[in-house]
Amino acid sequence: MATDLKGLKAACGQSIWVDNLSRTLIRDGILRRYVEEDGVSGVTSNPSIFQKAIHGSPYYQEDLRRAAASPERLYESLVVEDIRQACDLLHPTFVASNGDDGLVSWEESPRLGDDAEASIAEAERLRSLVQRENLLIKVPATPAGIRAFEALIARGISVNVTLMFSLGHVRAVFAAYQRGLSQHMASGGDPRRVKAVASLFLSRVDTLVDQRLTAMGSEAALGLRGKAAVAMAKCAYAIYQETFHGQGFAGLRQAGGRPQYLLWASTSTKNPAYDDLLYVQPLIGPETINTLPEATLKLFREHGRLQSTLEDGLAEAQGTMARLEALGIHMDGEIAATLQREGLQLFADSFEEMLAEVKRASA
């Protein structure tokens with residue numbers, strides 16, 4: 001019997017977003033069905049997703065022949081229409097949740113990951129293009145990206161911080177959010193109109209850590225395969241609880257400031273030996289979001305369980321993180337740095353491939 005995913009938010013406090021956006025999804029009514037039948041309440045996108053969409057959907061072909069100043073501006077004109085339509089579809093959810101859900105994310109150009117000032121200017125430009133209150137601008141958790149994030153929150157611009165791969169990233173992003181929100185309030189801004197989420201990537205963590213553990217080959221190392229990402233996520237949620245339900249955030253919360261929810265990203269299981277809901281079922285808990293690829297959403301619908309699990313096994317998760325460190329797997333160091341660099345490169349490659357395809361199609 002299929003799982004009624006519409007009950008997840010009421011039962012467990014977690015939102016389901018879909019990690020995909022294309023004109024096919026919108027024009028064929030697929031996204032609307034996800035919203036109405038599965039309770040999907042948000043959308044995430046990135047350059048890889050749009051590259052696949054423009055390559056694979058027939059709905060872009062006519063618009064690809066538009067006149068434009070550059071391939072990048074033509075791509076932008078295509079995507080902004082998709083973003084606006086998704087925002088409009090989810091706006092009733094945004095209103096019903098008082099601005100806490102019903103959000104759509106649009107990622108900045110990956111060329112800007114190391115330029116804070118350019119990232120700030122680009123976020124303001126993209127927001128003015130879309131002109132929808134339920135838009136989140138995606139900024140990476142690079143040092144420059146975190147500086148940009150703080151400045152954007154201070155200006156009242158809602159943000160999805162992406163490409164987080166460690167507890168160090170989580171702590172740095174949460175701290176930047178609080179500083180930015182304090183600055184926004186100090187300048188007379190309304191904190192209730194600001195929303196931010198923090199996207200922690202999961203399956204990619206296990207892929208890299210498992211390679212390291214397999215190369216070690218010891219019984220202790222092999223026994224930790226497939227456990228790093230979920231352990232990290234559970235520890236991240238403990239940091240979230242301490243940060244946003246503790247005294248340090250009490251003043252901002254009292255003034256209407258929203259906690260920065262953790263968003264589980266990269267949640268499809270890459271290793272077929274692992275449970276197909278490895279990054280879904282153990283990570284269900286209140287004030288969190290899981291953004292699911294369509295295939296994973298289907299699996300969750302087919303045999304998922306609506307059960308709060310996120311706070312279970314915290315001591316075991318902390319022990320797993322300690323054992324990884326003892327083996328020389330430095331999650332906050334080499335692992336996080338490698339994954340973030342690779343993630344930025346992946347998005348950059350997809351972005352450049354997409355621009356090349358747009359240029360060819362419009363020639």
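## Basis of the model

This is a predicted model, in which local features need pLDDT of at least 70 and side-chain atom pairs count only at pLDDT 80 or more, while totals for chains, interfaces and linings use all residues. Residues are numbered from 1 along each chain as its sequence is written, and side-chain values use heavy atoms, with hydrogens and water left out.

## The chain as a whole

The secondary structure comes to 15 helices and eight strands, where helices (H or I, at least four residues) and strands (E, at least two) are DSSP runs numbered from the N terminus. The radius of gyration of the chain, taken over C-alpha atoms, is 20 Å, close to the 21 Å that the globule rule gives for 363 residues, so the chain is as compact as a globular protein of that length; the rule itself is 2.2 Å times the number of residues to the power 0.38. Along the principal axes, the C-alpha atoms fill a box of roughly 60 × 45 × 45 Å.

Of the 363 residues, 55% are buried, a term that stands for under 20% relative accessible area, with exposed meaning over 50% and partly exposed in between (1.4 Å probe, protein chains only). Among contacts (heavy atoms within 4.5 Å) between residues at least 6 apart in sequence, 77% join residues at least 24 apart.

## Pockets

A pocket is here an open set of points, on a 1 Å grid over the protein atoms alone, with protein on both sides within 12 Å along at least five of seven lines, and lining residues have an atom within 4 Å of a point. Grid points are joined across faces, edges and corners, and a volume is the space filled by probe spheres set on the points.

The largest pocket has a volume of about 540 Å³, and among its 26 lining residues Asp19, Asn46, Ser48, Ile49 and Lys52 lie nearest its centre. Helix H4 (47–56) is one of the elements that supply at least two residues of this lining, and H4 gives the most, with four residues. The second largest pocket holds about 340 Å³; of its 17 lining residues, Phe94, Glu133, Gly156, Ser158 and Arg193 are the closest to its centre.

## Cavities

A cavity is a set of grid points where a 1.4 Å probe fits but cannot get out, and the count comes to two cavities of 30 Å³ or more. The largest cavity has about 90 Å³ of space, and its lining includes Pro47, Trp106, Arg125 and Phe351. Helix H5 (71–96), strand E3 (103–107) and helix H6 (116–130) each supply at least two residues of that lining.

The second largest cavity has a volume of about 60 Å³, with Pro110, Lys138, Pro140 and Leu344 among its lining residues. Glu107, Glu108 and Ser109 line the largest cavity and also line the second largest cavity.

## Single residues

Ser266, which is not a glycine, has a positive phi of about 55°; Ser266 sits in the loop between strand E7 (261–265) and strand E8 (288–292) and is buried, with a relative accessible area of 12%. Glu287, also not a glycine, has a positive phi of about 60° and lies in the loop between E7 and E8.

Pro143 belongs to helix H7 (residues 143–154) and is exposed, with a relative accessible area of 58%.
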